[in-house]
Amino acid sequence: MVLISLLSLWAGSPSEIALQEENSVLYEQLAETRDVIVELDEQISSITEVDNELYRSMLGIDPLPEDERLGGVGGADMHSEYDVFQQETSELLRWTAENVESLERRINIQKVSFNELQEHYNENREKMGHLPAVKPVNGQVLSGFGMREHPVLGYQRHHDGVDFRARIGTPIYATGDGVVQEAGRRGNYGIRIIIDHDYGYQTKYAHLNEIEDGIEPGTEVERGQQIAESGNTGVTSGPHLHYEVHQNNQPVDPLNYLFADLSPQEYREYRRIAEENPMSMD
Ligand SMILES: [Zn+2]
């Protein structure tokens, strides 16, 4: 009897022990929730970035201002009820509550933004069908747009397109509706097709193995239609597809014109690969 009383004094009564256990489980749970919130926050940031940099810039819609995206945080302290707890607990509770609210706001704004994009798309269906917006080949990106070392010439020069991994014979597709402007051998490009998409856009597909029957200057093509087989003609360091997008006669980064095909995560992954590789296949 005496022993039991002494033990309770030292370790707390059974109900106190149970409460302490419950407390520490709740605290751990809260800390895990915090990690999930941090991860969700990064994900929504990435979606927001792609929305602004890719979809909006391609469709010619102004990016949403940052303060609108963040949804106006601030004002009175809404969580003073946590002040009664220990400081560490109260801070964690407050942080969690505020950040969950911020996530909700940002997701709602993102929904509105995507609705706006959808509306824009529907209103501009004709143009959207012509714009290059999908991958020209089913293959991984090898090298990106910009200054790259030429694999054969060995010096730095501007790489006007993106190189996709493609074995000889892989189907190549038109990336938007348009009219074939050129189809045949063209110097270092090997066998090449150029499609005019109207609205100031052209796409070019180089180092092809074979052009599909009936694809010649003047042929109308649709997005997703097979126009050729990939190859290794012209000057290259191996089989691949060299793909260019031109806007108003200037080469632009084709990675920005895959938006109908790629999720925000895939887009970021493609961009990382394209930027890491210092050499083009040409
Ligand atoms: Zn290339």
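Is tyrosine 199 buried, exposed or partly exposed, and how many other C-beta atoms lie within 10 Å? In this predicted model, tyrosine 199 has 15 other C-beta atoms within 10 Å, so it counts as partly exposed. A residue needs 20 or more to be buried, and 12 or fewer to be exposed. Tyrosine 199 sits in the loop between strand S7 (191–198) and strand S8 (201–211). Its phi is near 50 degrees, a positive value in a residue other than glycine.

Move on into S8. Histidine 207 is found in this strand. Histidine 207 is not a glycine either, yet its phi is positive, at about 65 degrees. Its surroundings can be read from the count of neighbours. Histidine 207 has 27 other C-beta atoms within 10 Å, and is therefore buried.

Now take the strand pairing. Strand S4 (residues 162–165) is joined to strand S1 (residues 141–143) by 2 bridges. S1 and S4 run antiparallel. Within this pairing, serine 143 has aspartate 163 in S4 as its bridge partner. S4 also pairs with strand S11 (residues 240–247), through 4 bridges. S4 and S11 run antiparallel as well. Here valine 162 stands opposite tyrosine 243 in S11. As background, side chains in a regular strand alternate between the two faces of the sheet.

Next comes helix H2, which covers residues 14–59. H2 does bend, by about 35 degrees at aspartate 51. Aspartate 51 is also one of the buried residues of H2. In general, an α-helix has 3.6 residues a turn, so residues three or four places apart point the same way. Just after H2 comes glycine 60, with a positive phi of about 75 degrees.

Finally, step back to the whole chain. The domain assignment gives domain 1 (2–123) and domain 2 (133–276). Their C-alpha centres lie 43 Å apart. The contact takes 6 residues from domain 1 and 6 residues from domain 2. What is the make-up of the side of domain 1 that touches domain 2? Its residues divide into 5 nonpolar, 1 polar and no charged.

Definitions and conventions:
Residues numbered from 1 in each chain as written. Predicted model: local features only at pLDDT ≥ 70, side-chain atom pairs only at ≥ 80, totals over all residues. Pairing = 2+ DSSP bridges. Expected span 1.5 Å × (residues − 1). Bend = angle between axes of the 7 residues up to and from the residue. Domains from an automatic or database assignment. Contact = placed C-beta atoms within 7 Å. Nonpolar A, V, L, I, M, F, W, Y, C, P; charged D, E, K, R; others polar.
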